[in-house]
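Have the model open while you read this.

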Amino acid sequence: MIERLKEWLGPVIVIIGYPLILGFIAMPLIEKSISAEASTMLGLVLVWVLAVFLFFVIRRVEGNKLSDFGYKKIGWKEIVFTFGFGLILSMLVPVITALLIQIIPESESGLVEKAQQFPWWIVLLSVLTAGIVEEFVFRGYLIGKFEELLNSKVLAAAISLAAFI
C-alpha cells in the first residue's frame, strides 16, 4: 500500500498543486492587495517551489533519477545547436508576428500590452519558468510517470495535457 502511494505522490502533487498555485494567485484578495509585478513574482516563486518539491519526491520518495524520464546529459553539439536554433527562431519572431497580424485579427485580451507593462526581467523569468519548469513537470515527468503507471503513451499524454490546460 505504501509503495502504491509513493508511485502516485508525484502525479498527485502536479495535478493538484499546479492548479492550486494558479488559483491562489488569481484570488481577488491577492490581486487587490499586491501589485501585478508582485503577484507575478509570487506565482513564479510558487511554481519553482513546486518543481523543487517534485524533484525531491522523484529522487527521495520514488527513488528515480531524471534519466528515468528521458532526461540525459547533453554534449557541446546539442548546446551549440540549441542556441543556434534559438537564435534563428528569435530572428524569425518579427517576421512571423507580422504574418500572423495579417492572418489573425487582434485580440481584445490585451495580453501583449499587459506583458509590456512588466519590467524585462519579469518577462524573462516568466519565459524561463515556462520553458524549464513546465517542460520538466508536464512533458518530462508527468507523461513518463503516467506511461509507467498506466502502460499507455496516449493516455499518459492526454492526462498530462488535461493537467496542463
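Two residues are in contact here when they have heavy atoms within 4.5 Å of each other. With that in hand, take Leu-54: leaving out residues up to four places away in sequence, Leu-54 touches Gly-10, Val-14, Phe-136, Val-137 and Tyr-141. Bear in mind as you look around that this is a predicted model.

**The overall picture**

The chain has seven helices and zero strands, so the pattern along the sequence reads α-α-α-α-α-α-α. How confident is the prediction, going by pLDDT? The chain averages 80, and 87% of the residues score at least 70. Confidence is highest in helix 3 (residues 36-61), with a mean of 85, and lowest in helix 5 (residues 111-116), with a mean of 65.

Of the 165 residues, 23% count as buried. The accessible surface of the chain is about 11,900 Å², and carbon and sulfur atoms account for 72% of that. If you look at contacts between residues at least 6 apart in sequence, 75% of them join residues at least 24 apart.

**The core**

In soluble globular proteins, nonpolar side chains tend to be buried together. Which members touch the most others in the largest nonpolar core of this model? They are Val-14, Leu-54, Val-137, Phe-138, Tyr-141 and Leu-142, out of 19 residues in that core. Helix 1 (2-25), helix 3, helix 6 and helix 7 each put in at least two residues. Helix 6 gives the largest share, with seven. Leu-54 is a handy place to start clicking, since its contacts include Val-14, Val-137 and Tyr-141.

**Along helix 6**

Helix 6 spans residues 120-150, and three of its residues, Gly-140, Ile-143 and Lys-145, are worth a look. Is Lys-145 buried or exposed? Lys-145 is buried, because its relative accessibility is 2% and the cut-off for buried is under 20%. Gly-140 also counts as buried, at 9%. Ile-143, at 23%, is partly exposed.

| Pair | Apart in sequence | C-alpha to C-alpha |
|---|---|---|
| Gly-140 and Ser-67 | 73 residues | 9.7 Å |
| Ile-143 and Leu-161 | 18 residues | 8.9 Å |
| Lys-145 and Ala-156 | 11 residues | 7.9 Å |

Ile-143 has direct contacts too: not counting residues up to four places away in sequence, Ile-143 touches Phe-138, Ala-156, Ala-157 and Ser-160. Of these, Phe-138 is one of the core residues that touch the most other members.

**A buried glutamate**

Now go to the loop between helix 3 and helix 4 (76-103), where you'll find Glu-62. Glu-62 counts as buried because its relative accessibility is 15%, with the line drawn at under 20%. What does its side chain meet? Another, at 3.1 Å, joins the side chains of Glu-62 and Asn-64.

**Two rings on helix 4**

There are two aromatic pairs in the structure. In one of them, Phe-81 and Phe-85 are stacked, with 5.8 Å from centre to centre and 10° between the planes. Phe-81 and Phe-85 are four residues apart in helix 4, so about one helical turn separates them. Phe-81 is exposed, with a relative accessible area of 58%, whereas Phe-85 is partly exposed at 44%.

Last stop is the loop between helix 6 and helix 7 (153-164), which holds Asn-151. Most residues other than glycine have a negative phi. Asn-151 isn't a glycine, yet it has a positive phi of about 55°. Is Asn-151 buried or exposed? Asn-151 is exposed, because its relative accessibility of 69% falls in the range over 50%.

Technical notes:
Residues are numbered from 1 along each chain as its sequence is written. Side-chain values use heavy atoms; hydrogens and water are left out. Buried means under 20% relative accessible area, exposed over 50%, partly exposed in between (1.4 Å probe, protein chains only). pLDDT is the predictor's confidence in each residue, from 0 to 100. A nonpolar core is a set of buried Ala, Val, Leu, Ile, Met, Phe, Trp, Tyr and Cys residues joined through side-chain atoms within 4.5 Å. Accessible areas come from the Shrake-Rupley method with a 1.4 Å probe; for residues, only the protein chains shown count as cover. A polar contact is a pair of N or O atoms within 3.5 Å; within protein, one must be able to donate a hydrogen and the other to accept it, and residues adjacent in sequence count only if both atoms are side-chain atoms. Rings of Phe, Tyr and Trp (its six-membered ring) pair if their centres lie within 6.5 Å; planes under 30 degrees apart count as stacked, over 60 as edge-to-face and the rest as tilted.
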